[in-house]
Amino acid sequence: MTKADEVLAEIEGMTEEQFLPIVGPDKGKILVKAFQKVKPKHILEVGTLIGYSAILIGKELDEDATITTIEIHAAEAKEAEENVKHAEIPAKVKVIVGDALKVIPTLKDCYDAVFIDAEKTEYYEYLRLMEDKLHRRTVIVADNAGIFADQMQNYLDYVRKSGKYQSRYVQVGEDSVEVSIKL
Ligand SMILES: C[S@@+](CC[C@H](N)C(=O)[O-])C[C@H]1O[C@@H](n2cnc3c(N)ncnc32)[C@H](O)[C@@H]1O
């Protein structure tokens, strides 16, 4: 078992005692598979929590890959940094503390893969704010497209109907992720 697997197992164990809305191993498999197809070097995550998904994504990447992840709460961001450090993953992880609605417009990189997993009613705004930093074939995975579909309907309508994305709904147990590829 690698250090990353140990940290992931530890965080999964924490969910048995406290509410911790991590993506989890099942939806996580879909996320990692979707990202592996594009071999991303620059990854953007919106909603770090304590770093579970960043570690899950980062453990499969090369040393020259960078994950930029945004978390509004400083305490969670600090815990994420510690977890990432313990996980010893090859990819570099940069945790930015702040409101994604304010942080995204300040980002300079172009992203090959994006994971959106923060405030459900803001998914559409996150995407619109980052759209000039995405390129053809950038893959965007949005969590909770099943259980919180009503709160992110504008996002789902946009990726499915704007003509700018090829999008599919992937059911995983009782929830789902929306996997969208920029055209
Ligand atoms: C569902 S959790 C993320 C789980 C994480 N992606 C994982 O799977 O391990 C959502 C996180 O988004 C953060 N968040 C909510 N609104 C945000 C915003 N506007 N900007 C940045 N982070 C936000 C919350 O504080 C919370 O930690």
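# Chatting through pockets, helix faces and buried spots

Biologist: The second largest pocket is lined by Val32, Phe35, Gln36, Lys39, Pro40, Lys41, Ile57, Glu60, Leu61, Asp62, Asp64 and Ala65. Which helix provides the largest share of that lining?
Modeller: First off, this is a predicted model: local features need pLDDT of at least 70, side-chain atom pairs count only at pLDDT 80 or more, and totals for chains, interfaces and linings use all residues. Residues are numbered from 1 along each chain as its sequence is written, and side-chain values use heavy atoms, leaving out hydrogens and water. Helices (H or I, at least four residues) and strands (E, at least two) are DSSP runs numbered from the N terminus. With 3 residues in the lining, the biggest contributor is the helix spanning residues 24–36, H2.

Biologist: Over to the largest pocket: which elements give two or more residues to its lining?
Modeller: A pocket is an open set of points on a 1 Å grid over the protein atoms alone, where a 1.4 Å probe fits, with protein on both sides within 12 Å along at least five of seven lines; lining residues have an atom within 4 Å of a point. For the largest pocket that gives 31 lining residues, and Gly47, Glu71, Asp117, Ala118 and Glu119 sit nearest the centre. The elements giving two or more are helix H3 (52–58) and strand E2 (66–71).

Biologist: Within what arc do the buried residues of H7 fall?
Modeller: The buried residues in H7 are Tyr155, Leu156, Tyr158 and Val159. Looking down the axis, they line one face of the helix, so the arc that holds them is 160°.

Biologist: Which elements does that buried set of H7 pack against?
Modeller: After H7 comes Gly163, with a positive phi near 85°. As for the packing, the partners of the buried H7 residues are E4, H6, E5, E6 and E7.

Biologist: Is Asp175 buried or exposed?
Modeller: Asp175 is in strand E7, residues 175–182. Beyond four places in sequence, Asp175 touches Lys27, Asp143, Asn144, Ala145, Gly146, Ile147 and Val170. With a relative accessible area of 7%, Asp175 is buried.

Biologist: Which backbone nitrogen does the Asp175 side chain reach?
Modeller: A polar contact is a pair of N or O atoms within 3.5 Å; within protein, one must be able to donate a hydrogen and the other to accept it, and residues adjacent in sequence count only if both atoms are side-chain atoms. At 2.9 Å, the nitrogen reached by the Asp175 side chain belongs to Ile147.

Biologist: What about Ser176, which backbone nitrogen does its side chain reach?
Modeller: Ser176 is found in strand E7 too, and at 0% relative accessibility Ser176 counts as buried. Leaving aside neighbours within four places, its contacts include Lys27, Ala142, Tyr169 and Gln171. The side chain of Ser176 gets to 3.0 Å from the backbone nitrogen of Gly146.

Biologist: Met152 and Tyr123 are 29 residues apart along the chain; what separates their C-alpha atoms?
Modeller: Met152 lies in the loop between E5 and H7 and is buried, with a relative accessible area of 0%. Outside its four-place neighbourhood, Met152 touches Lys120, Tyr123, Asp143, Asn144 and Ala145. From Met152 to Tyr123, the C-alpha separation is 6.4 Å.

Biologist: What is the relative accessible area of Ala113?
Modeller: Ala113 is in strand E4. Not counting residues up to four places away, Ala113 touches Phe35, Val38, Pro40, His42, Ile43, Leu44, Thr138 and Val139. Ala113 is buried, its relative accessible area being 0%.

Biologist: Last one: what is the phi of Glu88 near?
Modeller: Glu88 is in the loop between helix H4 (74–87) and strand E3 (92–97), and is exposed at 57% relative accessible area. Leu49, in the loop between E1 and H3, has a positive phi near 55°. For Glu88, phi is also positive in a residue other than glycine, near 50°.

Technical notes:
Buried means under 20% relative accessible area, exposed over 50%, partly exposed in between (1.4 Å probe, protein chains only). Contact means heavy atoms within 4.5 Å. The arc is that of the directions from the helix axis to the C-beta atoms.
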